[in-house]
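Please open the model in your viewer and keep the selection tool at hand. At each stop of this tour you will be told what to select and what is there.

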Amino acid sequence: MNDTACELSGGHPVDSASDLGTMYKIVEIFHSVQGEGVHAGIPHVFIRFGKCNLQCEWCDTDFETFGEMAAVDILGEVMKYPSKRIILTGGEPMLNDLWPLHRLFKSRGYQLSCESNGTIEIPDGLLDWICISPKDQMYPQVKIRQRSGDELKCVYVGQDLQLYDGLMDGFSHHFLQPCYIDTESVEWNGKNFAMTESVVKQTPPWRLSLQTHKWMGVD
Ligand code: SF4
């Protein structure tokens, strides 16, 4: 175990060398305020993983630019911030074996959330909060394997909402999010907002989710 690992594992006899040495593809780790969904406004540390198994048209994440990082270094980076809440995002975080990170962070009292496209089943007990954002409005052939969780968050592009009938009961919160692309005009984004707002008003129990972090100009 190196010096950093010794320092971080002080008082945590459950840490294993294998967990600390597990390598992950990491785009970035940053501290910010969650901008959308139930936890909007709450500061979190975001761990953005590289790679994704989909290629959505509106994707604004460069998930192909990443570095290899050991779990011990991820731990060290996250522990620089005061927040005890982590969001695992991507790319698609569930392409990774997240149990080593689970063990390292849960033993230190962190709350683990994820934002996933739902195409990979999430093992029971791995996470405290599951947000699934299916992309089947664009990829009807892609099967959603994670069919339960805390938040179902769908980007609305005019699709038939019956698409989600089989998923609604598995989730506690249901969000429709206007498609927002920052390179598009204010009018283009405004039209999407108006369309989504109108559908939410007509179609309970959907709620409007806004990407307020984009409006605030933060990550
Ligand atoms: S699933 Fe998410 S990360 Fe992957 S391409 Fe689509 S929007 Fe981007």
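Select proline 123 to begin: with 12 C-beta neighbours inside 10 Å, proline 123 counts as exposed, where a residue is called exposed if 12 or fewer other C-beta atoms lie within 10 Å of its own, buried if 20 or more do, and partly exposed in between, with C-beta atoms placed from the backbone. Proline 123 sits in the loop between β5 (111-116) and β6 (129-132).

A word about the model itself: it is predicted, so local features need pLDDT of at least 70 and side-chain atom pairs count only at pLDDT 80 or more, while totals for chains, interfaces and linings use all residues. Residues are numbered from 1 along each chain as its sequence is written.

Now colour by secondary structure, and look for 7 helices and 9 strands; helices (H or I, at least four residues) and strands (E, at least two) are DSSP runs, numbered from the N terminus. The 9 strands form an open sheet of mixed pairing, in the order β3-β1-β2-β4-β5-β6-β7-β8-β9, and two strands pair if DSSP finds at least two bridges between them. At the edges are β3 (67-70) and β9, each of which pairs on one side only.

Select β5 and β6 next, which pair in the parallel sense over 4 bridges, with serine 113 having tryptophan 129 in β6 as its bridge partner.

Strand β7 (residues 149-156) runs parallel to β8 and is joined to it by 7 bridges, and here valine 155 stands opposite glutamine 177 in β8. Strand β9 (residues 207-208) also runs parallel to β8, joined by 2 bridges, and phenylalanine 175 stands opposite arginine 207 in β9.

Finally, select the ligand, which is surrounded by Cys52, Leu54, Gln55, Cys56, Cys59, Thr61, Phe63, Gly90, Gly91, Glu92, Asn117 and Lys135, where a residue counts as near if its C-beta atom, placed from the backbone, lies within 6 Å.
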